[in-house]
Amino acid sequence: MAGGRLTEGAATPRLVARGIDKAFGPTVALSRVDLVAQPGEVHAVLGENGAGKSTLMKVLAGALTPDAGTLELDGQPLTVATPQEARAAGIRIVYQEPQICDHLSLAENVMLGVEPTRYGFVDRGAMDVATRQALTDLLGEGCGGLDPRALAGTLAPGDRQMVAIARALVGDCRVLILDEPTSSLTAKDAERLFGVVDRLREQGKTILYISHFLEEVERVADAYTVLRDGRSVGTGAIGAMSMAEVVRLMVGTEVEDLFPRSDRTPGEVRLEVTQLVGRPLPHDASLALREGEVLGIAGLVGSGRTELLRGIFGLAPVAGGKVKVGAFVGPASPARSLAAGMGLLSEDRKGEGLAASMTIADNITLSRLDGLGPAGFVLPGPQRVVAEGFADKLRIKCRDVLQPVADLSGGNQQKVALARLLHHDVDVLLLDEPTRGIDVRSRAEVYAVIDRLAAAGKAVLVVSSYLPELFGICDRIAVMRRGRLGEARPVGELDPHGVLVEATGA
């Protein structure tokens, strides 16, 4: 466990935040928050969505100005009013979605804003040298096979993350903030990232590490601070406290049953897929999903899992095979799928899963407007009643169902997307990474919704990169590898190691 690496008794902490307050109008985001991180330490910042983690990180990175409180860096008072001032002080942040300019080269991305010049012109030779050095510091000799002159738009997600981290490390970086750094990475890329974090720790960097994956925190972190409702409620060494206690601090109560499971009685086949071939993926996929069951699809990112769900729903082109939903067989399209009683929850919540500028009520009712007013009109009163009903049922935390869905935390946004499928009253639910980027309590609540749906006779197909999730909520699991879907087997006949071996072909 990482706890043994904690720098104990350090004479001067690297970063100290004391009594940080931040409010947005009447909404208090941070209240008297404290955080102390040491040199050469990976310090996990934990909490539910909406606990104040992102606000605190933005304060430290100069993107927000605190209303009260003090900051110190290596024993000296620190004031950062802008991101530029924070960067100059040695505090850098890499956001969950790496901010990469696809039309620029790796070197231009890494050196963006700090380009070396000669005689008033950008010195591209010096830029390449500095980029190679930054990538070597991260990935060792050979720069992980990355070419500083290659276009950033050609990079895989894991390499994009490395370029964003390399940019943060240019110059005197003393504190590196990593916000959900593995949320879009494959298992292999995540392991590479963990190696990078270990290397940076050995170089004496202080890393503030935000993640909802507690097993990941155990792997990389030395210490932790827990935020709840905008307050710091606990701190200490990772090795000195159980993860169960950390979860209790995060949610304020015990999470008794993360994976609830009601009695389920699988019935008739609601979705049948026969030798489906997509463009370019999948290559061959067949499955039968019954009412009253949850069927999971495991596999590596890029194996064709998402393309399979989108092909079934009609969002991706299909070159061959057959999809049967209930009694309907024919060319799939989103409209026909919804009419046949099948709905899709996209993995891209921000890009296509929600209309961020519209209200919670609009998002919930968007695909089904009948019954909300006469002659095709939507009346605010009935729409509000429907939306408030789902907000109560799914415990969506909001001021009002008429506020923009963009104002909600990731977990609550995901519940809104689920609520739309429930409002449409679909019988078959295709859920692609249903808990990506949401906290422990929100995950437990989403799992409870899925369990209730299956117990009520709905058919649920789940794609997830998180094996504990699949083993916790599914009745059967099928593994996809390189575009081909294996046979679905009961969870009791499988184990996570075996599934991983099947997914990787090891």
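**Entry: a helix across strands.** I began with helix H1 (residues 53-60), which lies across S1, S2 and strand S4 (68-73). Its direction runs at about 65° to S2. For my own record, helices (H or I, at least four residues) and strands (E, at least two) are DSSP runs, numbered from the N terminus. Contact means heavy atoms within 4.5 Å. Axes are lines fitted to C-alpha atoms, for helices over the stretch in contact, and angles run from 0 to 180 degrees between N-to-C directions.

**Entry: ground rules.** I am reading a predicted model, where local features need pLDDT of at least 70, side-chain atom pairs count only at pLDDT 80 or more, and totals for chains, interfaces and linings use all residues. Residues are numbered from 1 along each chain as its sequence is written, and side-chain values use heavy atoms, with hydrogens and water left out.

**Entry: the sheet.** In what order do the four strands of the open sheet come? I read S2-S1-S4-S5, with antiparallel pairing; two strands pair if DSSP finds at least two bridges between them. At the edges I found strand S2 (27-37) and strand S5 (76-78), each pairing on one side only. From one strand to the next, the twist averages 30°. I then followed strand S1 (residues 15-24), which is antiparallel to S2 over seven bridges. Lys22 has Leu30 in S2 as its bridge partner.

Entry: Next I turned to the second largest pocket, with about 770 Å³ of space. On a 1 Å grid over the protein atoms alone, a pocket is an open set with protein on both sides within 12 Å along at least five of seven lines, a cavity is a set of points where a 1.4 Å probe fits but cannot get out, and lining residues have an atom within 4 Å of a point. Grid points are joined across faces, edges and corners, and a volume is the space filled by probe spheres set on the points. I noted 33 lining residues for this pocket, with Ala187, Glu215, Ser465, Tyr466 and Leu467 nearest its centre. Helix H6 (187-202) is one of the elements giving two or more residues to that lining, and H6 gives the largest share, four residues.

**Entry: a cavity.** How many cavities of 30 Å³ or more does the structure hold? I found one. The largest cavity has a volume of about 60 Å³, and its lining includes Ile312, Phe328 and Arg336. Strand S16 (318-325) and helix H10 (334-339) each give two or more residues to this lining.
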